[in-house]
Amino acid sequence: MDYREIYASKLTTAEKLAECLNSGWSLGMDSGPSQTPAIMAAFARRAKEAGLRDIKVQTLLDVYPFEFYADESLAGIMTGYSWFSSAGARKAVNGGWADFIPSYYRDVPGHIRREYEYDAFCVAVSPMDKHGYFSLGNNASYAQAMMDKSKRIFLEVNDRQPRAVCGTQIHISQVDAIVENSFPLPVLPAAKLDEVSITIGNLIAEQIPDGACIQLGIGAIPDATGLALKTKHDLGIHTEMFTDSMVELIECGAVNNSKKQIHRGKSITTFAYGSQRIYDYIDDNPAIELLPVDYVNDPMVISKNDNVVSINAALEVDFWGQVCAESVGTKHMSGSGGQIDFVRGACQSKGGMSFIAFSSTAKGGSISKIKPSLTPGAVCTTSKNDVDCIVTEYGIARLRGKSLGERTKQLIAVAHPDFRDQLRFEAKKRGILI
Ligand code: COA
């Protein structure tokens, strides 16, 4: 079988491919760096020029300036549906020309299999190997579920996409069309590590024993915590998103995955997004496995490792310990992602702990992130029954198994000093025993 010949027969341009697009089509893409900017740009052009209607596109963690999120005039022509938003989807969802699908990240493949059919799954991959396989590079997430529910598979082959040897692969025989597009992968701007995030990172790092298995979420504080772990030994990685600080921990020897109960010797993740350094690390590296999110983020799987420590960020928390990480009031910011998956997995793990960490104030110190109640309209991401530790630059509040009064007392103790009197006043007014 000459795979090069089959490849050549399926090779086309994004413009030519766009000619097959029709009104009412449903398109699917997986997370960030596995999305297909050239194909989507050509599809958006074609949809507008040909007067097509009602094309739907699902994304997770949009990292390109996709037309259906950036251009309001595409509403009704080509509409984005986000499973987890970055800036582009956030603006469009709040603007009313895109929609959002709430879910635990671990459940997305199940929703796809049960609820959706796709006319095409579009994915960026590394060049074909001699056996006819393309690697999905930095992503495994829910791609397999979308492929299973898709009539067609369109590839955007990028020679800068890493080749993961332990990740999802697509064979040339499954593919309907190929577009080549060589471009540098999107990089996540490095988080600004200010004094507050470094203080919080150090507070959490003090709690993490050698041999722990870590998950780090998105944002400056998880990053700062990662960097504060460089003096630890025998750490393991079982995470949703593989980050820059994790590469740093592997390269300095703090992570060797030697104490894990499952996948010993390997880092486990469902997607990777960050700097070029991450993509270089994944390339041809058998020490990292990219696996589907319904496995990686399953709390039962997470908890099979001992001493799992999960670190995620949030926007506000109330006296119950209800955590909002997705909206500012009614203003949509992101999705649940894997926050709850890892809070639950960590808490079920022997010796495990979950930290939700944030600076005590927002907007230049004018707003306390610890509040008597969540702001009206705010989305509760982690529930009062799941929450474990809340961390600010003033310390750690340990809420798991504690009463409302004890939670309130501990949360006020880690609130910014300027807001503590007001918070105490509100707690007493509500009859909370503090
Ligand atoms: N009230 C009003 N505004 C607030 C606020 C509050 N309580 N808390 C934060 N903000 C504002 C900030 O000022 C900032 O505004 P700006 O963009 O104008 O500067 C913005 O909201 C973002 O806040 P920041 O603290 O910088 O967020 P972050 O980049 O550290 O990300 C989350 C925090 C919660 C949005 C992010 O972690 C996330 O998306 N979480 C989703 C769930 C999750 O944890 N998934 C698992 C890991 S992938």
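# Helices, strands and buried residues

The buried residues of helix α15 pack against β18, β25, β26 (389-392), β27 (395-398) and α16 (417-429). This is a predicted model, in which local features need pLDDT of at least 70 and side-chain atom pairs count only at pLDDT 80 or more, while totals for chains, interfaces and linings use all residues. Residues are numbered from 1 along each chain as its sequence is written, and side-chain values use heavy atoms, with hydrogens and water left out.

Helices (H or I, at least four residues) and strands (E, at least two) are DSSP runs, numbered from the N terminus. A residue is buried under 20% relative accessible area, exposed over 50%, and partly exposed in between, with a 1.4 Å probe and protein chains only. Contact means heavy atoms within 4.5 Å.

**Helices α15 and α16**

- Helix α15 covers residues 404-414, and its buried residues are G405, R407, T408, Q410, L411, I412 and V414.
- The axes of α15 and α16 come within 9 Å and cross at roughly 165°; axes are lines fitted to C-alpha atoms, for helices over the stretch in contact, and angles run from 0 to 180 degrees between N-to-C directions.
- This angle makes α15 roughly antiparallel to α16 (under 35 degrees counts as roughly parallel, over 145 as roughly antiparallel, 65 to 115 as roughly perpendicular and the rest as oblique).
- The crossing of α15 with α16 is right-handed; a crossing is left-handed if the near helix is turned anticlockwise from the far one by less than a right angle, and right-handed if clockwise.
- On the α15 side the contact is made by T408, I412 and A413, and on the α16 side by R420, L423, R424 and A427.
- By class, this contact between α15 and α16 has 4 nonpolar, 1 polar and 2 charged residues (Ala, Val, Leu, Ile, Met, Phe, Trp, Tyr, Cys and Pro count as nonpolar, Asp, Glu, Lys and Arg as charged, and the others, Gly among them, as polar).

**Helices α8 and α9**

- The axes of α8 (residues 195-207) and α9 (residues 220-227) come within 8 Å and cross at roughly 55°.
- Helix α8 is therefore oblique to α9, and their crossing is right-handed.
- From α8, the residues S197, I198, I200, G201, I204 and A205 meet A220, I221, A224 and T225 of α9.
- The contact of α8 with α9 has 7 nonpolar, 3 polar and no charged residues.
- Helix α9 is largely enclosed by the rest of the structure, because 6 of its 8 residues are buried.
- Those buried residues of α9 are I221, P222, D223, A224, T225 and G226.
- Among the elements that cover the buried residues of α9 are α8, β11 (213-216), α10 (244-251), β17 (308-313) and β22 (353-357).

**An open sheet of 3 strands**

- The order of this sheet is β19-β18-β25, and its pairing is mixed; two strands pair if DSSP finds at least two bridges between them.
- Strands β19 (323-324) and β25 (370-371) stand at the edges, each with a single partner strand, so one side of each has no neighbour in the sheet.
- Strand β18 (residues 316-318) pairs with β25 in the parallel sense over 2 bridges, and the bridge partner of D318 in β25 is K371.

- Strand β6 (residues 120-125) pairs with β8 in the parallel sense over 5 bridges, with I153 in β8 as the bridge partner of F121.
- Strand β10 (residues 177-180) runs parallel to β8 and is joined to it by 4 bridges; here E156 stands opposite V179 of β10.

**Two individual residues**

- E289 is found in strand β16 (residues 288-290) and is buried, with a relative accessible area of 15%.
- Not counting residues up to four places away in sequence, E289 touches C166, H263, K266, S267, I268 and T269.
- L21 is found in the loop between α2 (14-18) and β2 (26-31), and at 0% relative accessibility it counts as buried.
- Not counting residues up to four places away in sequence, L21 touches L27, F43, R46, A47, L52 and I55.
- L21 and A89 are 68 residues apart in sequence and 22 Å apart in space, C-alpha to C-alpha.
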